Amino acid sequence: MDSNTPPPPAWWRDAVIYQVYIRSFADGNGDGTGDLAGLRARLGHLAGLGVDALWITPWYVSPQVDAGYDVADYRAIDPVFGTLDEADAFLAEAHAHGLRVLVDLVPNHTSDQHPWFREALAAGPGSAARGRYHFRPGRGADGELPPNNWPSVFGGPAWTRVADGEWYLHLFAAAQPDLDWDVPEVREEFASVLRFWLDRGVDGFRIDVAHGLTKDPAYPDIEESATGLLGAAADEHHPYFDRDATLEIYREWRRIADAYPGERTFVAEAWVSSPDRLARYLAPGRLHTAFNFGLLDCPWEAPRLREVVEQTLRVLAPVDAPPTWVLSNHDVIRHVTRYGRAETSLDDAKRLYGTPSDPELGTRRARAAALLTLGLPGGAYIYQGEELGLEEVEDLPAEVLQDPNRFWSGGCGPVRDGCRVPLPWSGETAPFGFSPDGAAGEPWLPQPAAWKDRSAAAQLADPASVLTLYRSALAVRRGCEDLGEGDLAWLPAAEEVLAFRRGRRTAVVVNTGADPVPLPEHTEVLLASGPLDGPLLPGDTAVWLSL
Ligand code: NOJ
């Protein structure tokens, strides 16, 4: 590199990060639950796919009430997933494959089985041990009413009463008590947990409920309209979501990460009311990136998609933070299923849960969406199974469902189990290579019989498969200096088409309509999400072009 060549951007500015939902990725010991042994054995799939990094959902010791988002020991691996030695070996092997690793940090709440919470219960009202959480007296003559009207995200009140009459706060399940982030000991403990994992070589952290953490010490009631799931309606006056005080915590975390070599990084899971509020998390000295849920929330319509892209780029530019693009994760209905219906937003998908969704249409759109997200500036997340074109499993029998969201919401509304079904790797019948041959345990959720055609092995051999498309897209993206970090310039296009130029010579065109449109002239196709019709780009199809 000569001295005039700018250094390449930091890896996290345009990384493609693969979300490993560990209990459903691959089962190494045959008990039906994914684990570190399974993940280590499948690292070749991930390296071959061509992603830059992995985000591993919580692997810590946990009663697993909320699939590991209820942590009882932040410094140890749950035996269901393996051991700390295996985690160390996994980190070394991932690095040897050229893959960075982010782990999931859950700072808003612990498990009710965490030693601190057990100590708090035993120590009684007024104790320092209770002070690490939010214990309050109730309202009403005998304190029989919760301290205020805050709801749990999973349904019902956010308060549970203990035997001595006090109530404790849990914004999620009762088994997930919220920590009090105004207590220095809580801050010191998480600084130490960060260092524990950074010392072991992790490349960064995904921060769970990053918009939570601090709470208004006056515990005021909230307006009915401000109770939206994960703080969708939060503003600066909200008593527990998206508060200014929470942002200050991230300055200290950034200083901790920056003291390590190798660009250790944070990604915030922050559900906020508008993209400009997301930018606050990414101001200089705070976090590196945040999930941008704009596309995940957006219907498959070019004008709406363009609005999301423009708004994202506009709000992130002033803080010089790279965008991230997300279509699915372990909390939402998979996008093949969302896109397979006439109405395609996430809210539509919740409303239409269990109604027919056309897999052919959904897959065609999902393929086009892959080229859209991987063609946009910045980084992207791939939720495991997305590269296999998996759909939501909406007909799981009631007795196998495990998501606490369902139990806390009284059984109404969609659950999150349907996007968490164990992956199909190979073979004609369940468990499709998820567990080793002859395994004693069944996969923790049953896999649809039709997934024999979706297995990684079946798709690897098929040039028209979703897996082949993802592998090709990631290879082209890696070799193309115009893609990833950089500018975007919109090109003239019909109402139902998104068209933009990347860098000097590359363009992305996405037709979200049903009818074919002409491709720009004098261009060469680098990659298409589906068959082209001569000079026409068919409906629900995307291309990357060389200009
Ligand atoms: C967000 C996680 O993605 C979700 O799975 C979990 O239930 C909540 N945070 C609570 O930790």
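1. Helix α6 crosses α7 in the right-handed sense (right-handed: the near helix is turned clockwise from the far one by less than a right angle). The contact (heavy atoms within 4.5 Å) uses Arg187, Phe190, Ala191, Leu194, Arg195 and Leu198 from α6, and Ile249, Glu252, Trp253, Ile256 and Ala257 from α7. Eight of these residues are nonpolar, three are charged and none is polar.

2. This is a predicted model, where local features need pLDDT of at least 70 and side-chain atom pairs count only at pLDDT 80 or more, while totals for chains, interfaces and linings use all residues. Residues are numbered from 1 along each chain, and side-chain values use heavy atoms, without hydrogens and water.

3. α6 spans residues 184–200 and α7 residues 244–258. Their axes lie 10 Å apart, at an angle of about 30°. The pair is therefore roughly parallel (angles under 35 degrees).

4. Three strands form an open sheet in the order β6-β8-β7, with antiparallel pairing. β6 (135–136) and β7 (159–161) are the edge strands; each has a single partner, so one side of each lacks a neighbour in the sheet.

5. β6 pairs with β8 (residues 167–169) over two bridges, in the antiparallel sense. Pairing requires at least two bridges found by DSSP. Arg136 has Trp167 of β8 as its bridge partner.

6. Mean pLDDT (the predictor's confidence in each residue, from 0 to 100) is 95 for the chain, and 96% of residues reach 70 or more. Residues 229–233 fall below 50, and this stretch has 16 contacts in the model beyond near neighbours in sequence. Where pLDDT is low, predicted coordinates should not be read in detail.

Conventions: Axes fitted to C-alpha atoms, helices over the stretch in contact; angles between N-to-C directions. Helix = DSSP H or I, 4+ residues; strand = E, 2+ residues; numbered from the N terminus. Parallel < 35°, antiparallel > 145°, perpendicular 65-115°, else oblique. Nonpolar A, V, L, I, M, F, W, Y, C, P; charged D, E, K, R; others polar.
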